[in-house]
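Please read them with the sequence and the model open beside you.

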Amino acid sequence: MIDLHCHSSFSDGTDEPEALALMGDAQGITALALTDHDTLAGLPRFLAMQPRVSTRLLAGVELSCRYLGRELHVLGLLFNAQDSAFQAHIRTVRARRHARNLALVARLQELGIAISLEAVQALATSDLVSRTHFARYLVSSGAVANPQEVYRKLLGEGGSAFVPFEELTPREAATWIHAAGGLAMVAHPGRFAGGRFIWDEAMAELKEMGIDGFEAYYGEYSPTEQRHFLKLAIDLDMLASGGSDYHGGNKPGLRMGTGRGTLCIPDSILETLENARA
Ligand code: AMP
Ligand code: MN
Ligand code: MN
Ligand code: MN
């Protein structure tokens, strides 16, 4: 059993990179990739745990892209984490995120909400501030009742405080990842609104843009979705990957490896990815 998608305290997960490595080992996971949002900063500490665990520890990243006017997350897997050009590209995404965060604070203030970037930053465990941290702040300050309300009313697409950041195109993300020797995979396609039908066409177009494959296994897919995406990968001759999207306490009930309980990603998925890259 493998897990190629999880988050540490270097993005919006709650566990330190070392704790993730130990958890993977304790749960008998054969290979685990750390895929923080728009940062490689947790990887040195994660990968340094390799001598202490039998789980294979792999570098990963989840890049914030936009496609068809919507958010699309692209996972980089099996790349060289030392690649300095890749590191520099990712820093440019961080700058775009910072500008978005400033605009988001201004928008929330316009709506009469008392908030500052410093107050939100204080809830983050690294210098990466995401909407997850904004949601935590808005709930803990009493401005909104719960995170679901935060996204529905304010921060989600269509919310009154939604501010997109100038995100990457999937083509650009794929180019960067390939140049660093890795594979570019669309994360959790089912979560990209538009339903399954549009996905079949969109994925074919994403393939033309250089995307290698997508998550056919995911911590929050139903068995039907998993079947659908496994078949779609075969039909489109694209690669299948999979992961839980474990975030620790920021996604309660979602476990590394097993997701909501039934996830089980076979080791052969990783073997196929490695053969494709070679
Ligand atoms: P950011 O990368 O800062 O734009 O924040 C993206 C993160 O916000 C996602 O990874 C989710 O954790 C969270 N998020 C965004 N929209 C929603 C939503 N509608 N429901 C729940 N979480 C969301
Ligand atoms: Mn996240
Ligand atoms: Mn994602
Ligand atoms: Mn994720």
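1. Glycine 142, which follows helix H5, has a positive phi, near 85 degrees. As the model is a predicted one, this backbone angle, like every other value in this note, should be read as computed from predicted coordinates.

2. Helix H5 itself, spanning residues 131-140, is mostly covered, with seven of its ten residues buried. The buried positions are Arg131, Thr132, His133, Phe134, Ala135, Tyr137 and Leu138, and they pack against strand S4 (70-77) as well as helix H3 (84-110), helix H4 (117-121) and helix H6 (147-155). Arg131, one of the buried residues of H5, also takes part in a salt bridge, its side chain meeting that of glutamate 71 at 2.7 Å, N to O.

3. Asparagine 101 belongs to helix H3 and, with a relative accessibility of 3%, counts as buried.

4. On the division of the chain, the assignment gives domain 1 as 2-82 + 168-231 + 238-277 and domain 2 as 91-155. The C-alpha centres of domain 1 and domain 2 are 24 Å apart, and the contact involves 14 residues from domain 1 and 13 residues from domain 2.

5. How much area is buried between domain 1 and domain 2, and what part of it do carbon and sulfur atoms give? The value is about 1000 Å², with carbon and sulfur atoms giving 44%. On the side of domain 1, Asp12, Asp38 and Asn250 supply 37% of the area buried against domain 2, which is more than any other three residues. Between domain 1 and domain 2 there are two salt bridges, and seven residue pairs are in polar contact across the interface, both partners being at pLDDT 80 or more.

6. The salt-bridge count comes to 16. One of these pairs joins aspartate 38 to arginine 97, with the closest N and O atoms 2.8 Å apart. Because aspartate 38 lies in the loop between S2 and H2 whereas arginine 97 lies in helix H3, the pair ties together parts that are 59 residues apart in sequence. Both aspartate 38 and arginine 97 are buried.

7. A further salt bridge links arginine 94 with aspartate 127, the closest N and O atoms here being 2.9 Å apart. Arginine 94 is in helix H3 and aspartate 127 in the loop between H4 and H5, so this pair ties together parts that are 33 residues apart in sequence. Aspartate 127, with a relative accessibility of 59%, counts as exposed.

8. Glu220, Asp245, Lys251 and Arg260 are linked in a network of salt bridges.

9. For phenylalanine 86, the contacts beyond its neighbours within four places in sequence are with Leu40, Val61, Phe79, Trp176, Ile177 and Ala180.

10. Which residues surround threonine 35, leaving aside its neighbours within four places in sequence? Threonine 35 is found in the loop between strand S2 (31-34) and helix H2 (43-47), and at 0% relative accessibility it counts as buried. Its contacts are with Leu4, His5, Cys6, His7, Gly60, Val61, Glu62, Leu75 and Leu77, and of these Val61 is also in contact with phenylalanine 86.

Methods: Residues are numbered from 1 along each chain as its sequence is written. Chains are lettered from A and ligands numbered from 1 in the order in which they are written. This is a predicted model: local features need pLDDT of at least 70, side-chain atom pairs count only at pLDDT 80 or more; totals for chains, interfaces and linings use all residues. Side-chain values use heavy atoms; hydrogens and water are left out. Contact means heavy atoms within 4.5 Å. Domain bounds come from an automatic or database domain assignment. Buried area is the accessible area (1.4 Å probe) that two parts lose on being put together, summed over both. A salt bridge is a side-chain nitrogen of Lys or Arg within 4 Å of a carboxyl oxygen of Asp or Glu. A polar contact is a pair of N or O atoms within 3.5 Å; within protein, one must be able to donate a hydrogen and the other to accept it, and residues adjacent in sequence count only if both atoms are side-chain atoms. Buried means under 20% relative accessible area, exposed over 50%, partly exposed in between (1.4 Å probe, protein chains only). Helices (H or I, at least four residues) and strands (E, at least two) are DSSP runs, numbered from the N terminus.
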